[in-house]
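Morning, everyone. One structure today, and I'll keep it short. Please have a look at the screen.

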Amino acid sequence: IGLFGYTTLGIRAPMLLVSLVTFLLLAYVLRRLFGDDVSLYGLIFFAFSPIYLTQQRLGWAITLLPFFAILMVYLVMARHRYAPV
């Protein structure tokens, strides 16, 4: 918002980035848990979910809640030396 001001672009640009990161995290998590085929179906269901498509424009919560939920699963699955969880 500081970069673009209090405009429509300034409010929706961060949510676009969060949605893209959510999609990538979900792809990684589903691929590790279920394999390539199931992860593709899961991504399609997530991207075209009626609640996600209809409510996303109303606020940040519908975008941030799935992001943090998938981020928690990703952090639990992390296997590197400095894993936070």
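From the N terminus on, the elements of the protein chain run α-α-α-α. That is 4 helices and 0 strands. Both kinds are DSSP runs numbered from the N terminus, with helices being H or I of at least four residues and strands E of at least two. This is a predicted model, where local features need pLDDT of at least 70, side-chain atom pairs count only at pLDDT 80 or more, and totals for chains, interfaces and linings use all residues. Residues are numbered from 1 along each chain as its sequence is written, and side-chain values use heavy atoms, with hydrogens and water left out.

Chain totals next. Of the 85 residues, 26% count as buried. Buried is under 20% relative accessible area, exposed is over 50%, and partly exposed lies in between, with a 1.4 Å probe and protein chains only. Take the contacts, heavy atoms within 4.5 Å, with a separation of 6 or more: residues 24 or more positions apart account for 53% of them.

Now the α1 and α2 pair. Helix α1 covers residues 8–34 and helix α2 residues 36–47; their axes come within 8 Å and cross at roughly 145°. Axes are lines fitted to C-alpha atoms, for helices over the stretch in contact, and angles run from 0 to 180 degrees between N-to-C directions.

Which residues meet? From α1, they include Phe 23, Leu 26 and Phe 34; from α2, they include Val 38, Leu 43 and Phe 46.

Stay with α2. Its 12 residues should span 16 Å at 1.5 Å a residue, and its end C-alpha atoms are 16 Å apart, so the two agree. The expected span is 1.5 Å times one less than the number of residues. Which residues of α2 are buried? Ser 39, Leu 43 and Phe 46. Seen down the axis, they fall within an arc of 65°, so they line one face of α2. The arc is that of the directions from the helix axis to the C-beta atoms. The face turned away carries exposed Asp 37, Tyr 41 and Phe 45.

Ser 39 has 2% relative accessibility, so it counts as buried. Beyond its neighbours within four places in sequence, Ser 39 is in contact with Ala 27, Leu 30 and Arg 31.

Last, α4, residues 61–77. Its 17 residues reach 24 Å from first C-alpha to last, close to the 24 Å expected. Thr 63, Pro 66, Phe 67, Ile 70 and Met 77 are buried. Their arc is within 105°, so they line one face of α4. Leu 65, Met 72 and Val 76 are exposed on the face turned away.
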